[in-house]
Amino acid sequence: MNYRHLAIVLVAIAGAAQAQAQTGPVGTWRTVDEKTGEPKSQVVITEQGGALAGRVAQVLRKDADPAARCTECTDDRKDKPIVGLDIIRGGQKAADKAVWEGGKILDPENGKEYRASFTPIDGGARMEVRGYLGPFWRTQVWQRVP
């Protein structure tokens, strides 16, 4: 195999790896207010030690206070700034399914933490984020930020 063929193979492998990464929850996501349909925030999700971690990177609401703090939180995030706040902790890919589950998600507006699952849809362009409290759940659809 000559160098030209090797370069083509390496580019193809790199492209496939990037496409695979784009179908999972790792990346930057725009959340949307369910009532108004307006952009709410941008959340960056990473994978650390095989588990998901997500933090608020930016608040997008027009009337948002950029210095707002999580006054309703009751754990180690109490009174921490919303921007930079860890809102996703844990969650791993389920065997044989395109869903990440077992983690928790925090709603900084009310300080409540919910069990969570993350399901990429539309080839990873959007993601269903479902928070559970007992037998009840709420689902939001987040948009991937390119």
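**A guided reading**

Guide: A search of the whole structure finds one disulfide, that is, a pair of cysteine sulfur atoms within 2.5 Å. This is a predicted model, in which local features need pLDDT of at least 70 and side-chain atom pairs count only at pLDDT 80 or more, while totals for chains, interfaces and linings use all residues. Residues are numbered from 1 along each chain as its sequence is written, and side-chain values use heavy atoms, with hydrogens and water left out.

Visitor: Which residues form the disulfide, and how far apart are their sulfur atoms?

Guide: The link of Cys70 and Cys73 is right-handed, with 70° about the S-S bond. Both residues are buried, a term for under 20% relative accessible area, against over 50% for exposed and partly exposed in between (1.4 Å probe, protein chains only). The disulfide joins Cys70 and Cys73, and the distance between their sulfur atoms is 1.8 Å.

Visitor: What pattern does the protein follow along the sequence?

Guide: Helices (H or I, at least four residues) and strands (E, at least two) are DSSP runs, numbered from the N terminus. The protein has one helix and nine strands. Read along the sequence, the pattern is α-β-β-β-β-β-β-β-β-β.

Visitor: How much space lies in the largest pocket?

Guide: On a 1 Å grid over the protein atoms alone, a pocket is an open set of points where a 1.4 Å probe fits, with protein on both sides within 12 Å along at least five of seven lines; lining residues have an atom within 4 Å of a point. Grid points are joined across faces, edges and corners, and a volume is the space filled by probe spheres set on the points. For the largest pocket, this space is about 650 Å³.

Visitor: Which residues of the lining lie nearest the centre of the largest pocket?

Guide: Strands S2 (39-48), S3 (51-59), S6 (100-107), S8 (126-133) and S9 (136-144) each supply at least two residues of the lining. The lining consists of 30 residues. Nearest the centre of the pocket are Lys40, Leu106, Asp107, Pro108 and Glu109.

Visitor: Is Lys62 buried or exposed?

Guide: Lys62 is placed in the loop between S3 and strand S4 (86-89). Its C-alpha atom is 8.7 Å from that of Lys40, and the two are 22 residues apart in sequence. Because its relative accessibility is 78%, Lys62 counts as exposed.

Visitor: Is Val99 buried or exposed?

Guide: Val99 belongs to the loop between strand S5 (92-93) and S6. Val99 and Met127 are 28 residues apart along the chain, with 9.8 Å separating their C-alpha atoms. Since the relative accessibility of Val99 is 10%, this residue counts as buried.

Visitor: Where does Asp96 lie, and what is its relative accessible area?

Guide: Phi of Asp96 is near 65°, a positive value in a residue other than glycine. Asp96 lies in the loop between S5 and S6. Asp96 is exposed, because its relative accessible area is 83%.

Visitor: Over the ring of which residue does the charged end of Lys93 sit?

Guide: A charge sits over a ring if NZ of Lys or CZ of Arg is within 6 Å of the ring centre and within 35 degrees of the ring normal. The charged end of Lys93 is 5.6 Å from the centre of such a ring. The ring is that of Trp100.
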